[in-house]
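Thanks for making the time this morning. I would like to walk you through one model, taking its pocket, then a helix, and then a pair of strands.

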Amino acid sequence: DILLNAPSTTCLHPLLSPLTPPTILQTSYPCAWYLRVISPLLSFECIHTQRLYGVDAPEMGKFGHTNQPFAVKSKKYLESQILGKKVHVQTLSRDQYGRIIGRTKVGMWPFRSDPSEGLLKEGLAEVYRGRGAQYAGNEARLEGYEDTAKRAGKGMWSQGAKRVSPGEYKRAIREEAAAAQVKKTATTAVG
């Protein structure tokens, strides 16, 4: 009863989904990972990148930038919830990078857990309100989990006024990169 529901994914054969529940291969960021689907009956393997629906977690450092506070803790929490486990993914859409945006459930019914909800409850993510946001009809519930964690000062909410949202952090990195490019172009033109 656990399957990858990915109608827009081209490399999945329709007969394989019920036979081959996806297993989490590795996490790459606090709210994105690679899904590995392997068929024991046919020699078939497909790897997809998925992003959790409804949440934005602190950013891991890339390209010489430091991790945002709570990024490592958020990633470790997600790994503890999903690595090596069978998951059910309800595909909602794809983002601008081609990743599946999906509602993920881990475990067997009726004890399934939702990693997006868990990250919010622990204060290790905030509700994503950017372009292409997907909530699967759960926006109010997700915002309630965020609000409860915020009021309790859990996780990233413990930083108070010093907290920088993942969106603000990414925007600052983009602005820094653009300024460096302008400076590099000006230096090259003068020299």
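Before I begin with the pocket, let me say what the word stands for here: on a 1 Å grid over the protein atoms alone, a pocket is an open set of points with protein on both sides within 12 Å along at least five of seven lines, and a residue counts as lining if it has an atom within 4 Å of a point. Please also keep in mind that this is a predicted model.

With that in place, the largest pocket holds about 1100 Å³ of space, and 42 residues line it, with Glu-59, Gln-96, Tyr-97, Lys-170 and Arg-174 lying nearest its centre. If we ask which elements give two or more residues to that lining, they are the strands β4 (44-52), β5 (55-56), β6 (87-94) and β8 (126-127), together with the helix α4 (166-190). Of these, α4 supplies the largest share, namely seven residues. Sorted by class, the lining of the largest pocket comprises 19 nonpolar, 10 polar and 13 charged residues.

Let me turn now to helix α1, which covers residues 71-82. Which residues of α1 are buried? They are Ala-71, Ser-74, Lys-75, Tyr-77, Leu-78 and Ile-82. Those residues cover an arc of only 160° around the axis, which means that they sit on the same side of α1. On the face turned away from that buried side, α1 carries the exposed residues Lys-73 and Lys-76, and just after the helix we come to Gly-84, whose phi is positive, at about 70°.

As for how covered β7 is, the strand, made up of residues 100-106, is mostly so, with six of its seven residues buried.

Notes
Residues are numbered from 1 along each chain as its sequence is written. This is a predicted model: local features need pLDDT of at least 70, side-chain atom pairs count only at pLDDT 80 or more; totals for chains, interfaces and linings use all residues. Side-chain values use heavy atoms; hydrogens and water are left out. Buried means under 20% relative accessible area, exposed over 50%, partly exposed in between (1.4 Å probe, protein chains only). Helices (H or I, at least four residues) and strands (E, at least two) are DSSP runs, numbered from the N terminus. The arc is that of the directions from the helix axis to the C-beta atoms. On a 1 Å grid over the protein atoms alone, a cavity is a set of points where a 1.4 Å probe fits but cannot get out, and a pocket is an open set with protein on both sides within 12 Å along at least five of seven lines; lining residues have an atom within 4 Å of a point. Grid points are joined across faces, edges and corners, and a volume is the space filled by probe spheres set on the points. Ala, Val, Leu, Ile, Met, Phe, Trp, Tyr, Cys and Pro count as nonpolar, Asp, Glu, Lys and Arg as charged, and the others, Gly among them, as polar.
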